[in-house]
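Subject: The structure you asked about

Hi,

Have it open while you read, and take it slowly.

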Amino acid sequence: MPELPEVETIRLQLSRNVLGKKIKDIVVDDARVIKGVSKTVFKSKVENKTVKNIIRRGKVLIFELADDLYLVIHLRISGWLFLSKTYEKFCRVGFVLNNGKILNFCDSRVLGEIKLIDDWTNLALIKNMGPEPLGLSKQNFVKLFDKKTAKIKPLLMDQRFLAGVGNMYAQEAVFCAGISPQRRADKIDKKDIGRIYTCLIRILRKSIERGGSSVDTYRQLNGEKGKYKALLKVYQRQGKPCFRCKATIKRESIGGRGTYYCPKCQK
Ligand SMILES: [Zn+2]
């Protein structure tokens, strides 16, 4: 599932390739991904609009169109955006741009969403979202954990607590900091929370530099895989030796999600 680095990669690439372009036509092959309005209304409102700005909040992309209209795109589990010269048959919706390129919204499991709204800041999903990790100081990050009794790893990936971090980067961050994913947040001392911050920020930035991690369907805007996967230290490494201490990496379900960790060097 795309997390902050993957969605930010797409936003940066859209800013270079789609910003300022006009959406001339829309091919809707599968209207299930369009929420709240009919296919006809969607087409009539979005066609001939120019993309004025592209914003990311957490794992959500927001396209600002002319006339105060916003396209909110949530990729969820298997959604991805692919810029190509043709409409791709395996995709659901294609935005035909005035430079001849097509922005394809592809989603094998049809769990992603495209919403058309006039005030994206009012969406419940956005309003209830926690702060952006890349915009937080270490001091303010540490403060978020005051009196939090949840386990550290599910807490890091709770979008109401912190925006954009999901199952994969939460595991990588606590591995890097040497903290067990099972530890209760309020039992971890501030110095160690500070270490999680330093690790998380470094990991998110490095992953953005490499175009994110393609562990499943996620691809960059040009269809290429993200290159951070090769740098993952613990995710999906069950049974393999820990890069730090050589102990065997374990997998356990924590808060209902598969979690990989080193039982020896994560305390
Ligand atoms: Zn280890």
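At what angle do H1 and helix H7 (residues 190–209) pack, and how far apart are their axes? The angle is about 40° and the axes are 9 Å apart. An axis here is a line fitted to C-alpha atoms, for helices over the stretch in contact, and angles run from 0 to 180 degrees between N-to-C directions.

Before going on, two bits of housekeeping. Residues are numbered from 1 along each chain as its sequence is written. This is a predicted model, where local features need pLDDT of at least 70 and side-chain atom pairs count only at pLDDT 80 or more, while totals for chains, interfaces and linings use all residues.

As for the names, helices (H or I, at least four residues) and strands (E, at least two) are DSSP runs, numbered from the N terminus.

**The helix pairs**

Back to H1 and H7: they are therefore oblique to each other. (Angles under 35 degrees count as roughly parallel, over 145 as roughly antiparallel, 65 to 115 as roughly perpendicular and the rest as oblique.) Their crossing is right-handed. (A crossing is left-handed if the near helix is turned anticlockwise from the far one by less than a right angle, and right-handed if clockwise.) H1 brings Leu4, Pro5, Glu8 and Thr9 to the contact, and H7 brings Leu204, Ser207 and Ile208. (Two residues are in contact if their C-beta atoms, placed from the backbone, lie within 7 Å.) By class, the contact of H1 with H7 has four nonpolar, two polar and one charged residue. (Ala, Val, Leu, Ile, Met, Phe, Trp, Tyr, Cys and Pro count as nonpolar, Asp, Glu, Lys and Arg as charged, and the others, Gly among them, as polar.)

H7 also meets helix H6 (residues 167–177): their axes come within 8 Å and cross at roughly 125°. H6 and H7 are therefore oblique to each other, and their crossing is right-handed. Among the residues in this contact are Tyr169 and Cys176 of H6 and Arg195 and Cys199 of H7. The contact of H6 with H7 has ten nonpolar, no polar and three charged residues.

**The sheet**

Now find the open sheet: nine strands in the order E2-E9-E5-E4-E3-E1-E7-E8-E6, with mixed pairing. Its edge strands are strand E2 (34–35) and strand E6 (79–84), each pairing on one side only. In general, strands of a sheet pair through backbone hydrogen bonds, either parallel or antiparallel. Two strands pair if DSSP finds at least two bridges between them.

Starting from E2, that strand runs parallel to E9 over two bridges, and lysine 35 has lysine 115 in E9 as its bridge partner. E9 is antiparallel to E5, with five bridges, and here tyrosine 70 stands opposite isoleucine 117 in E9. Six antiparallel bridges link E4 to E5, and leucine 65 is opposite leucine 69 in E5. The hairpin of E4 and E5 has three residues between the strands, and aspartate 67 takes a positive phi near 65° there. E3 and E4 are also antiparallel, over six bridges, with two residues between the strands of their hairpin and a positive phi near 60° at glycine 58. Further along, strand E7 (residues 93–97) and strand E8 (residues 102–107) are antiparallel and joined by four bridges; glycine 94 faces asparagine 104 in E8.

Helix H2 (residues 39–46) lies across several strands, including strand E1 (22–28), and runs at about 165° to E1.

**The two domains**

The domain assignment gives domain 1 (4–127) and domain 2 (133–261); such bounds come from an automatic or database assignment. Their C-alpha centres lie 28 Å apart.

Over to you!
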